[in-house]
Amino acid sequence: MDSKAGVRADYYKSLKRNIFIAVVIVSFIPLLIFGGIIRYVFQTSYTDRVRAHLATMVKKHALEIDTFLTERQANIVSLACAYTYEQYADNTFLKEVLGRIQNAYGAVITDLGIINENGEQISYAGPFQLEDANYSDSEWFRHAISSDIYTSDVFMGLRGQPHFIVAVRSYENGKPWLFRATIDFRAFNDLVQSIHMGETGFAFIINRDGEMQTDFSPRMEADVNRYSKIFTQTITDSPALLSDEPLFDSFESGTEKEIIYVAGLLKKGEWALIFQQDHRDAYSNLYQARRVALLTLVLGGISIILMAFWVSRHTAIRIAEADKEKEIMNRQVIQSGHLASIGMLAAGIAHEINNPVAIMVEEAGWIEDLMEDEEFQESENLAEFTRALGQIRKQGLRCRDITHKLLSFARRSDQRIQFFNINDLIREIAELIAQHARYNNVTITLKLNENLPHIEASQTEVEQVLFNLINNAIDAIDKKGGHIRIRTWQDGGMIRFDIQDTGSGIPGSDLEHIFDPFFTTKPVGVGTGLGLSICYGIVKKMDGDIIVESTVGKGSRFEIRLPVPEAEMEPEQDWGVNIY
Amino acid sequence: MTSNDSTDPIRLLLVDDEVEFTSVMVKRLGRRNIRAMTARNGTEAIAFISGNEFDAAVLDLKMEGMDGLEVLKIFKEKSPEMPVIMLTGHGSHQAAEEGRACGAFDYLSKPYEIEDLTRIIRNAVSERKESA
């Protein structure tokens, strides 16, 4: 039995586990698939948007800076052509020109200088003392003298301050000369440094050699080589260098920090405007969304697991209960099948036995009849003969009683459900049984509530219950006599009736068995042990209850509770007393 | 014991398919001043009542061929005044009640005390006489 229970417990445990796993899988798979799809779509579209936005921004700024450079160049070219070499060679005139330009464009152009073919500065207008400077050894001079217009990279030069120059070559008597203007680095620098984005986005300009053309930003990498690498690797090597489209590059810098670089070309590809931003910063919304999604996933996962746990536990318990109910039902079906076959057998036996027993009893009776004749009256063993024959008759009648009981057990036939008054039935039975009761010195008192609603049941069955209980009560009372009280009353939704006797009572050890089939305390042959078992079955079938209270020596009380049919009202209590 | 009543014996028709039963009953009833004629089945019994006068009949419910209730119905048609007492082997109240509804005087379950039977027979006969 224990091992069977263990096997069953294992079964429900594994059932619970399987349900749990199934629920978790079924819930998680769609969650993950949809989550994944949404994440992918969102990430792709968001990344594209950010990239497009950054590209537009860089392109716009690059164009702006390029325009600034071109405009300054155009200013300077037109200045260079506006006057002759002789006019410019005059310092005073040059200063006047510078003053005019600065008035028109602000302090963007810091100074002006006229340089002859040998690199000697012929005239100079500006804040520095550079009147006699010689640039013949400067790299920019070599470049400038060999091209029509030249814009240098940013360099410190003779003045010791970062600056870049624009030089325009002109000819005077077949000899080239240069009109040189210095562009204010700070004004240019401010233009670039005004580009900001998020917390970490900033821009700078480098030349082809990776040299900074703008101020270092405190956020810049210490390793400046990286920038030259970006330029060389991603811009120089790329054919996109020739196009206007900004270039992207992003890579891990040192630790786990990922950085995006967007580059736009300036100055016909000589410089590049590079925008740098931390990946996390640029895609902060994406990261935020990812965090929210992850949190949702975790919370969802936890609730799925809790739910799965609850569902599996609940289902397993329900199934266990259903199994138990099924088992009980199966047992009941087996038992009722059993009883039905016993019933049929009993009916057959009863009939087959009663006829031969009747013959035996009658034959014995015939001998008794004959014994009454005079010739037998002197017989020595007359008394013994009479006793033996009487015994045959008595035992024959006992056989009849037994078969009758078996039959009534087997019968239970009239199961038609009717509405009827329990009081009427009790009165009928009390009348029927009154003779038998009187014979046993038993008085029966009825205390019936006359306002009881009808009950809905098989009358035959209720009759059987009453017969059994009253007969038992009479049997429990010894020859000295006693009293039986039958009451009916209503208590809420139940109609109750009880049969109380002043008989011998039932010992505690027997109380728990009295409803078991074939349990009897009566002498062998007197009781079949079926009466109370039948009563119990009938009452339970009617959704009722049967209760027994008993005190040895004082008597027993059997109470039956039957449900009031829904159609019936609830009348008030009223005791009517009848004595039989 | 009323072995020899001075009055005329009661003429009784006893219908039962158990010959062992009827033969002992005839002897026992004879001692009680009841003269019983026996029939082994319904057909025989119906033939008897056509040619004879009976004060009462005792009829077994369960017999080969026609059962007791069918025979009872024919008795009631042919000889409605004759009281009929039903005997039942398996103590079914239901069948016995049915018999009563069809006009049977009373019923008894086998085995019974002979005195119970004779008492019922006498009651039936005297009631018949009174009503006549």
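Guide: The model is a predicted one. We may begin with a pair of side chains in chain A: Glu559(A) and Arg496(A) meet in a salt bridge, at 3.2 Å from N to O.

Visitor: What parts does the pair of Glu559(A) and Arg496(A) tie together?

Guide: Glu559(A) belongs to strand E17 (residues 555-563) of chain A and Arg496(A) to strand E15 (residues 494-501) of chain A, so the pair links parts 63 residues apart in sequence. Over all chains, the count by this rule is 28 salt bridges.

Visitor: How many salt bridges does the rule find across the interface of chain A and chain B?

Guide: The rule finds 6 salt bridges there. Between Arg31(B) and Asp373(A), the side chains meet at 3.1 Å, N to O; the cut-off is 4 Å, so this pair also qualifies. The residue pairs in polar contact between chain A and chain B, both at pLDDT 80 or more, number 9.

Visitor: Which elements give two or more residues to the side of chain A that touches chain B?

Guide: They are helix H8 (284-371) and helix H10 (382-411) of chain A. H8(A) provides the largest share, 14 residues. By class, this side of chain A has 9 nonpolar, 7 polar and 8 charged residues.

Visitor: What area do chain A and chain B bury between them?

Guide: The two chains bury about 2,200 Å², with 55% of it on carbon and sulfur atoms. Of the area that chain A buries against chain B, His351(A), Glu362(A) and Trp366(A) supply 29%, more than any other three residues.

Visitor: Turning to chain B, at what angle do the axes of helix H2 and helix H3 cross?

Guide: The axes of helix H2 (residues 42-51) of chain B and helix H3 (residues 68-78) of chain B come within 10 Å and cross at roughly 10°.

Visitor: What makes H2(B) roughly parallel to H3(B)?

Guide: Angles under 35 degrees count as roughly parallel. The crossing angle is roughly 10°, and therefore H2(B) is described as roughly parallel to H3(B).

Visitor: Which residues make the contact?

Guide: H2(B) contributes Gly42(B), Ala45(B), Ile46(B), Ile49(B) and Ser50(B), while H3(B) contributes Val71(B), Ile74(B), Phe75(B) and Lys78(B). By class, this contact has 6 nonpolar, 2 polar and 1 charged residues.

Note on methods:
Residues numbered from 1 in each chain as written. Chains lettered and ligands numbered in written order. Predicted model: local features only at pLDDT ≥ 70, side-chain atom pairs only at ≥ 80, totals over all residues. Heavy atoms only, no water. Buried area = accessible area lost by both parts, 1.4 Å probe. Polar contact = N/O pair within 3.5 Å; in protein donor to acceptor, adjacent residues only side chain to side chain. Helix = DSSP H or I, 4+ residues; strand = E, 2+ residues; numbered from the N terminus. Nonpolar A, V, L, I, M, F, W, Y, C, P; charged D, E, K, R; others polar. Axes fitted to C-alpha atoms, helices over the stretch in contact; angles between N-to-C directions. Parallel < 35°, antiparallel > 145°, perpendicular 65-115°, else oblique. Contact = heavy atoms within 4.5 Å.
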